[in-house]
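Open the model in your viewer and keep the selection tool ready. We will go stop by stop.

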Amino acid sequence: MPNPKSPELPPQIALLQLTTGVWITQALYVAAALGVADLMKDGPKSCDDLGRASKSDPASLKRILRLLASFGVFAETSHGTFGLTPMAECLRTDSPQSMRAWATMMGSDWHWKIWGDLLYGAQTGKPAFDHVHGIRPFEWFSQRPEVAGLFNHAMASISSSEIGAILAAYDFSKAKKIVDVAGGNGSLLRPLLQQNKQAGGVLFDMPHVVDTAKEAIEKEGLIGRIDIVGGSFFQTVPTGGDLYLLKHILHDFNDKEALAILQNIKRAMSPGAKLLTIEMIIPPGNEPSFGKMVDLEMMLIGGVERTESEYRNLLTQAGFKTTAIVPTASPVSLIEGTVS
């Protein structure tokens, strides 16, 4: 499909194409939910075989895969037979670059229902998630372990595409004790410590979240170098670190809540310690930006993506001085701060 901003497209057709984006999302969701890419790992498969293995209708599956193939996701190698492409490889569960959990989450009914309530958010300024589901997102997830697991895997898949860029962009070699605040399953802290042998770490998150990290920490030989601590950053944060990480956390919250988190981190920091906030920064102007898209997702759940000046102001209000902003080869930037 041509770029909707392409000058050769009439405005009406360009707009028409933009309105159909949800169709692609749902087609990707079906392929991810059925595990179609996993079924093709040994080579192309006919839709009859894929239908039997995935307990789906072969004719319907063919129509979905045909659409995705037109965007480079899967390829029809002969009539009714489809195989993997580089993008389709990313829908495999066992791929190091797997986006299967993300694609499944994007098309799940609980998720697209909040996007269906975007108008409510625009009219009221309130989170559509709370309106649709009745409670705040993380409280809702805590009551649904299976959905929470999908959400955590989806976030990890996004994180995996950023970690290499983060490690390449910043000098972690002087850190001795790194505290990863709301660090999930340790997807950033684990490779960071593998690269920086001089450092130890603290993985801090809600107890039911950090429990999922124990197996990976043991498998990677990091027992003894990572302390696992459960708790809430709205109450307290582990003390004594010389580098505190806050990756994709502040964007989940409004300014009042974000300030509370930052102030708790400030109280926990040792003299001379640094804070590294890792977020997408909304650029100025009219150019496309993944951050501008994610900002609407954040609006639906009560969070916000911020501009550079907004992050600087937020850190200042919390008692930090912004000492550096380091772009990476991924959509995120590293915002370094010290206690002012």
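**Before you start**

This is a predicted model: local features need pLDDT of at least 70, side-chain atom pairs count only at pLDDT 80 or more, and totals for chains, interfaces and linings use all residues. Residues are numbered from 1 along each chain as its sequence is written, and side-chain values use heavy atoms, with hydrogens and water left out.

**Stop 1: the second largest pocket**

Select N152, H153, A156, N185 and R190. Of the 32 residues lining the second largest pocket, these are the closest to its centre. The pocket holds about 820 Å³ of space. A pocket is found on a 1 Å grid over the protein atoms alone: it is an open set of points where a 1.4 Å probe fits, with protein on both sides within 12 Å along at least five of seven lines, and lining residues have an atom within 4 Å of a point. The volume is the space filled by probe spheres set on the points.

Now colour helix 12 (145-169). Which element gives the most to the lining? Helix 12 does, with ten residues. Other elements that give two or more residues include helix 7 (100-107) and helix 13 (189-195). Helices here are DSSP runs of H or I with at least four residues, strands are E runs of at least two, and both are numbered from the N terminus.

Colour the lining by type. It divides into twelve nonpolar, 14 polar and six charged residues. Ala, Val, Leu, Ile, Met, Phe, Trp, Tyr, Cys and Pro count as nonpolar, Asp, Glu, Lys and Arg as charged, and the others, Gly among them, as polar.

**Stop 2: salt bridges**

How many salt bridges does a search of the whole structure find? It finds twelve. A salt bridge is a side-chain nitrogen of Lys or Arg within 4 Å of a carboxyl oxygen of Asp or Glu.

Select R136 and E257. Their side chains meet in a salt bridge, 3.2 Å from N to O. R136 sits in the loop between helix 10 (128-133) and helix 11, while E257 is in helix 16 (residues 255-268), 121 residues apart. Is E257 buried or exposed? It counts as buried, at 18% relative accessibility. R136 is partly exposed, at 30%. Buried means under 20% relative accessible area, exposed over 50%, and partly exposed in between (1.4 Å probe, protein chains only).

Next, select E162 and K247. Their closest N and O atoms are 3.0 Å apart.

Then pick E336 and K274, which meet in a salt bridge of 3.6 Å, N to O. E336 lies in strand 11 (residues 332-339) and K274 in strand 8 (residues 274-282), so the pair ties together parts 62 residues apart in sequence. E336 counts as buried, at 9%. K274 counts as partly exposed, at 34%.

**Stop 3: a surface patch**

Select W115, L296 and M299. They make a nonpolar surface patch of about 230 Å². Such patches join nonpolar side chains (Val, Leu, Ile, Met, Phe, Trp, Tyr) within 5 Å, using residues with over 30% relative accessible area and no salt bridge. L296 is in helix 17 (residues 290-301).

**Last stop: F204**

Select F204 in strand 5 (residues 200-205). F204 counts as buried, at 3% relative accessibility.

Terms used
Patch = residues over 30% accessible without salt bridge, like charges linked within 9 Å, V, L, I, M, F, W, Y side chains within 5 Å. Areas by Shrake-Rupley, 256 points an atom, 1.4 Å probe, with all protein chains shown as cover.
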